[in-house]
Amino acid sequence: MIQTFLLTSSLLISQLPTLEPKFINLKNQLENQGFQIIIELPPKRGAYGLLREADKKIWINPVVFELHISTQTLIHEAVHAAQVCAGKGKIKTLGLSIQPSNYARPFFMRYTDVHRQDLEREAYAVQTQPNSYELAVSLLKKYCK
Ligand SMILES: [Zn+2]
């Protein structure tokens, strides 16, 4: 019985994701702005990340740690968080002048709602910049006070 328990707990420990410093910093910054980061399967099937503006909850799918896209995923959700702050709780676009790379097009073009498409276009635009992390941090600083 004890052995089984030890085996299970050591397996759990080995499965814990190694968090990148940028992931941790961004997570802290979001939490300081009242967002809650939940590392669990998002309520929307197949999503890597999800922000629910009603209660400022951000889900991060645990699979992103295995895929090594955890920071990228959190950066994407951080842009949505800045959009929520900019609209004082009602999500709105920031009016950024940067454009997402062409390979990101199918990801936001699949949204049929035009407003949603604009929101996603901005998140993918930031996410695909070489300085995406710094950009996300500065957007949060600018719009969430
Ligand atoms: Zn998105």
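Analyst: Two residues are in contact if their C-beta atoms, placed from the backbone, lie within 7 Å. Helices (H or I, at least four residues) and strands (E, at least two) are DSSP runs, numbered from the N terminus. The model is predicted: local features need pLDDT of at least 70, side-chain atom pairs count only at pLDDT 80 or more, and totals for chains, interfaces and linings use all residues. Residues are numbered from 1 along each chain as its sequence is written.

User: What makes β1 and β2 edge strands?

Analyst: Strands pair if DSSP finds at least two bridges between them. The open sheet has the order β1-β3-β2, with mixed pairing; β1 (36-38) and β2 (49-52) each pair on one side only.

User: How do you know that β1 and β3 pair, and in which sense?

Analyst: Three bridges join β1 to β3 (residues 57-60), in the parallel sense, and the criterion asks for at least two. Lys57 in β3 is the bridge partner of Gln36.

User: Where does helix α4 lie?

Analyst: Helix α4 (residues 70-86) lies across β2 and β3, at about 20° to β2. Axes are lines fitted to C-alpha atoms, for helices over the stretch in contact, and angles run from 0 to 180 degrees between N-to-C directions.

User: Why are α4 and α6 called oblique to each other?

Analyst: Their axes cross at roughly 135° and come within 9 Å. Angles under 35 degrees count as roughly parallel, over 145 as roughly antiparallel, 65 to 115 as roughly perpendicular and the rest as oblique; α4 and α6 are therefore oblique.
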